[in-house]
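Subject: Handover of a structure and summary of findings

Dear colleague,

I am handing over to you the structure shown below. Please read it alongside the notes that come after it.

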Amino acid sequence: MTSRKRRHSECFEDDTPPVTGVDMFKRPAVFNGVCPPPRKKKLTASEAKEGGTDRPVRVYADGIFDMFHSGHARALMQAKNVFPNVYLLVGVCNDELTHRLKGKTVMSGQERYDAVSHCRYVDEVVMDAPWTIDADFLAKHQIDFVAHDDAPYGTGDQEDIYKHIKDAGMFVATQRTEGISTSDVIARIVRNYDEYIRRNLQRGYSRKELNVSFVKEREVRARQTMHEIRDKIEDKSHRVLQWWEDKSREFIVEFLSLFSGQGLKERQVRVRRRVREVRAKSHETLQRWEERSREFVGDFMRIFSPPAYPYLESGASSETDEVEEGEEEEARRHTEGDEDEEEYDDGEQHGQSSINGSAAAAAV
């Protein structure tokens with residue numbers, strides 16, 4: 001932390017306290033900071049590596065840094081750690097210079113400045129950096145070394161814009177990260193152009209915001225529908241195939257177990273157990289049927305037989321008593337009828353006798 005405090009006090013003239021500890025990564029790098037007084041003696045690479053200098057080694061790295069990615073961060077990390085005590089200045093070219101000499105960028109100049117300033121390895125951001133570094137620029141910012149990858153970087157009539165830096169012994173090489181660059185990222189977007197349009201349309205962007213035609217929008221949406229249908233079919237087919245595979249595996253295991261010794265024994269045991277279960281169940285069913293048949297026959301016999309069962313005696317006796325009472329009533333009626341007939345016969349005979357007596361008296 002001592003070197004960090006020393007760098008702050010030497011490079012800045014304000015009264016802002018130095019950032020230390022964990023907080024040193026919470027504040028972004030400064031823009032165009034105040035440079036220290038010029039050095040009397042030129043610093044060599046061997047002296048910088050020993051780390052016995054009276055101030056931090058000022059290393060400069062420049063670039064466009066469009067769509068700031070991990071390749072940029074790794075290059076700056078190498079520049080920061082090229083010597084034991086480094087104050088890293090990063091130059092970022094503006095839009096006008098970049099569009100004229102390299103091409104259109106995705107991010108604006110201010111966005112690129114801000115992205116670089118939030119990299120943890122950067123101490124200072126130099127805005128409006130020149131395309132080619134000259135002696136005046138080196139002297140203005142008191143730059144000791146320039147960090148960049150070792151590949152020649154040509155522009156216009158120059159084969160390598162860092163050639164004079166290399167000849168002066170002020171160049172330190174960094175390694176590029178393979179497979180990641182701004183051009184690679186843009187190439188991925190172009191290659192998957194329709195997919196990114198579809199994704200942004202789903203997120204609510206309009207076709208005008210994406211600069212696509214009405215026909216292109218319809219095409220992308222129709223393709224999205226087809227993809228969804230295909231995914232559903234593939235998902236269902238996968239489930240069916242998985243089910244069939246599981247069933248086939250079970251069938252194969254079961255089939256092979258039939259022809260193995262242990263499997264045959266297990267099969268016989270299962271068959272015998274099943275036979276015993278069926279036999280026990282059949283015996284139970286027959287027993288229940290026999291009991292129900294016996295109850296049915298008993299009920300049937302009670303209906304058509306004299307009262308011989310306890311639960312029918314009271315009902316049968318009452319019916320018999322009623323019959324007997326009916327018979328007695330009928331006999332009584334017959335008896336009373338006979339008596340009436342006898343009385344009628346006696347009265348008839350008595351009347352006939354009276355008539356006969358009257359007739360005899362009249363005759364006398």
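The notes below set out what was found, topic by topic.

**Overall architecture**

Please bear in mind that this is a predicted model. The chain has 364 residues, of which 27% are buried. Its secondary structure comprises 13 helices and 6 strands. Among contacts in the chain with a separation of 6 or more, 64% are between residues 24 or more positions apart.

As a general background, nonpolar side chains tend to be buried together in soluble globular proteins. The largest nonpolar core has 23 residues, and the members that touch the most others are Val59, Leu76, Phe83, Leu88, Val90, Val122 and Phe145. Strand E2 (57-63), helix H3 (70-80), strand E3 (86-92), helix H5 (109-117) and strand E5 each give two or more residues to this core. Strand E3 provides the largest share, with 4 residues.

Leaving aside residues up to four places away in sequence, Val90 touches Tyr60, Ala61, Phe65, Leu76, Val116, Val122, Glu124, Val125 and Val126. Another core, of 19 residues, lies apart from the largest one; Leu89, Trp131, Ile143 and Phe171 are among its members.

Most residues other than glycine have a negative phi. Phe65, one of the residues that Val90 touches, has a positive phi near 60 degrees. Phe65 is placed in the loop between E2 and H3, and its relative accessible area of 7% makes it buried. Asp128 likewise has a positive phi, near 55 degrees. Asp128 is placed in the loop between strand E4 (124-127) and helix H6 (135-140).

**The largest pocket**

The largest pocket holds about 850 Å³ of space. It is lined by 35 residues, and those closest to its centre are Gly63, Ile64, His72, Lys102 and Arg176. At least two lining residues come from each of E2, H3, E5 and helix H8 (182-191). Helix H3 gives the most to the lining, with 5 residues.

**Salt bridges around Lys166**

In total, 19 salt bridges are present in the structure. Lys166 takes part in a salt bridge with Asp150, at 3.6 Å from N to O. Lys166 lies in helix H7 (residues 163-167) and Asp150 in the loop between strand E5 (145-149) and H7, so this pair ties together parts that are 16 residues apart in sequence. The side chain of Lys166 also meets that of Asp160 in a salt bridge, at 2.9 Å from N to O.

How accessible are the residues concerned? Lys166 is partly exposed at 27% relative accessibility, and Asp150 is partly exposed with a relative accessible area of 48%. Asp160, by contrast, is buried, with a relative accessible area of 14%.

In helix H9 (residues 193-202), the buried residues are Asp194, Ile197, Arg198, Asn200 and Leu201. Viewed down the axis of H9, these buried residues fall within an arc of 170 degrees, so they line one face of the helix.

Ser206 is found in the loop between H9 and H10 and is partly exposed, at 32% relative accessibility. Its C-alpha atom is separated by 9.3 Å from that of Glu217, which is 11 residues apart from Ser206 along the chain.

Glu217 also forms a salt bridge with Arg207, at 3.7 Å from N to O. Because Glu217 lies in helix H11 (residues 214-258) and Arg207 in helix H10 (residues 207-210), this pair ties together parts that are 10 residues apart in sequence. Glu217 is buried at 10% relative accessibility, whereas Arg207 is partly exposed with a relative accessible area of 27%. Asp194 is one of the buried residues of H9.

With kind regards

Notes:
Residues are numbered from 1 along each chain as its sequence is written. This is a predicted model: local features need pLDDT of at least 70, side-chain atom pairs count only at pLDDT 80 or more; totals for chains, interfaces and linings use all residues. Side-chain values use heavy atoms; hydrogens and water are left out. Buried means under 20% relative accessible area, exposed over 50%, partly exposed in between (1.4 Å probe, protein chains only). The arc is that of the directions from the helix axis to the C-beta atoms. A salt bridge is a side-chain nitrogen of Lys or Arg within 4 Å of a carboxyl oxygen of Asp or Glu. A nonpolar core is a set of buried Ala, Val, Leu, Ile, Met, Phe, Trp, Tyr and Cys residues joined through side-chain atoms within 4.5 Å. Contact means heavy atoms within 4.5 Å. On a 1 Å grid over the protein atoms alone, a cavity is a set of points where a 1.4 Å probe fits but cannot get out, and a pocket is an open set with protein on both sides within 12 Å along at least five of seven lines; lining residues have an atom within 4 Å of a point. Grid points are joined across faces, edges and corners, and a volume is the space filled by probe spheres set on the points.
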